[in-house]
Amino acid sequence: MWNAGRETSSPGTALSEKQAKKEKERLIKELQLITEERNDLRDRLRFLTERSMKNRPHFRPNPYYEDLERMEEAVMSILHNLEMENSEVHENNHKLKKEITFSR
């Protein structure tokens with residue numbers, strides 16, 4: 001009789017542990033999907049807000065930001081030119097190696 005209030009380990013608890021584990025994994029996955037969706041929506045809202053601010057007549061862009069954008073364009077242009085030059089040098093180097101190999 002003193003055993004009546006105690007719960008014993010049975011297949012029922014093992015099954016509920018499995019169910020709890022599956023439910024936990026499902027909730028974690030659902031939380032990850034909701035978080036991704038929230039982040040996407042936040043990014044879209046930020047994009048739309050910034051775009052609408054630029055179209056407002058009283059909006060004055062920050063001159064430092066414009067300077068920074070111009071500098072970024074210049075740096076990206078230089079980077080592109082260097083990448084192109086690097087690929088040309090690499091091709092020339094490859095051709096020269098072929099010529100050296102052929103002449104041996």
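Colleague: Why is arginine 70 called partly exposed?
Modeller: Buried means under 20% relative accessible area, exposed over 50%, and partly exposed in between (1.4 Å probe, protein chains only). Arginine 70 has 48% relative accessibility, so it counts as partly exposed. Please keep in mind that this is a predicted model, where local features need pLDDT of at least 70, side-chain atom pairs count only at pLDDT 80 or more, and totals for chains, interfaces and linings use all residues. Residues are numbered from 1 along each chain as its sequence is written, and side-chain values use heavy atoms, with hydrogens and water left out.

Colleague: What makes arginine 70 and aspartate 67 a salt bridge?
Modeller: A salt bridge needs a side-chain nitrogen of Lys or Arg within 4 Å of a carboxyl oxygen of Asp or Glu. The closest N and O atoms of arginine 70 and aspartate 67 are 2.3 Å apart, so the pair qualifies by that cut-off. Both residues lie in helix H2, three residues apart, about one turn of the helix. Helices are DSSP runs (H or I, at least four residues), strands too (E, at least two), numbered from the N terminus.

Colleague: Where does aspartate 67 fall, buried or partly exposed?
Modeller: Aspartate 67 has 34% relative accessibility, so it is partly exposed.
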